[in-house]
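Please open the model in your viewer and keep the sequence beside it, so that each selection can be found in both places.

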Amino acid sequence: MKIVVKQNSVWYHGSDKIFSELKAGSTITQWRELAEAFSHKPTILSYDDNGIIKHNGIKNGYLYIIDEPIEVGVDIYQHPNTSMDDGVEFLTKRVLKVKLIEGIEDLLSE
């Protein structure tokens with residue numbers, strides 16, 4: 001699956017915790033649904049060529065957006081050890097401000 005990274009687009013982080021700053025070394029993505037899936041803390045996650053995500057996460061989660069300007073290569077970089085496609089998963093180089101935008105219920109309990 002091809003993901004095109006857009007410099008001025010929204011970046012997301014999914015977590016099962018509430019906070020206002022994202023630690024350096026955290027994972028972010030421009031793929032909202034992937035961040036939502038990661039908020040459930042799965043031990044197994046996969047997606048197909050059509051972008052359908054499957055995972056075994058069971059925790060309720062929170063979806064955040066990065067709440068300050070960031071620059072690829074300066075503030076974040078492509079995850080060097082990801083099993084995902086290019087452009088999907090990035091790591092933060094510094095602490096970033098975040099804004100909580102949504103609580104996400106455990107999808108497996110529905």
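The tour below goes from a sheet to one of its strands, and then to pairs of aromatic rings.

Before selecting anything, note that this is a predicted model, in which local features need pLDDT of at least 70 and side-chain atom pairs count only at pLDDT 80 or more, while totals for chains, interfaces and linings use all residues. Residues are numbered from 1 along each chain as its sequence is written, and side-chain values use heavy atoms, with hydrogens and water left out.

**The sheet**

Begin with the open sheet of four strands, whose order is E1-E6-E9-E2 and whose pairing is antiparallel. Strands (E, at least two residues) and helices (H or I, at least four) are DSSP runs numbered from the N terminus, and two strands pair if DSSP finds at least two bridges between them. Select strand E1 (12-15) and strand E2 (21-22) to see the edge strands, each of which pairs on one side only.

Next, select strand E6 (residues 61-66) together with strand E9 (residues 96-104), which run antiparallel and are joined by six bridges. Tyr 62 has Gly 103 in E9 as its bridge partner.

**Ile 65**

Stay in strand E6 and select Ile 65. Which residues is Ile 65 in contact with, leaving aside its neighbours within four places in sequence? They are Val 10, Trp 11, Tyr 12, Lys 97, Val 98, Lys 99 and Ile 101, where contact means heavy atoms within 4.5 Å.

**The aromatic pairs**

Rings of Phe, Tyr and Trp (its six-membered ring) pair if their centres lie within 6.5 Å; planes under 30 degrees apart count as stacked, over 60 as edge-to-face and the rest as tilted. By this rule there are three aromatic pairs. Select Phe 19 and Tyr 64, a stacked pair because the ring centres are 4.4 Å apart and the planes are at 15 degrees. Phe 19 lies in the loop between E1 and E2 and Tyr 64 in strand E6, so this pair ties together parts that are 45 residues apart in sequence.

Is Tyr 64 buried or exposed? With a relative accessible area of 0%, Tyr 64 is buried, whereas Phe 19, at 25%, is partly exposed (buried means under 20% relative accessible area, exposed over 50%, and partly exposed in between, with a 1.4 Å probe and protein chains only).

Finally, select Trp 31 and Tyr 47, whose ring centres are 4.9 Å apart and whose planes are at 80 degrees, so the pair is edge-to-face.
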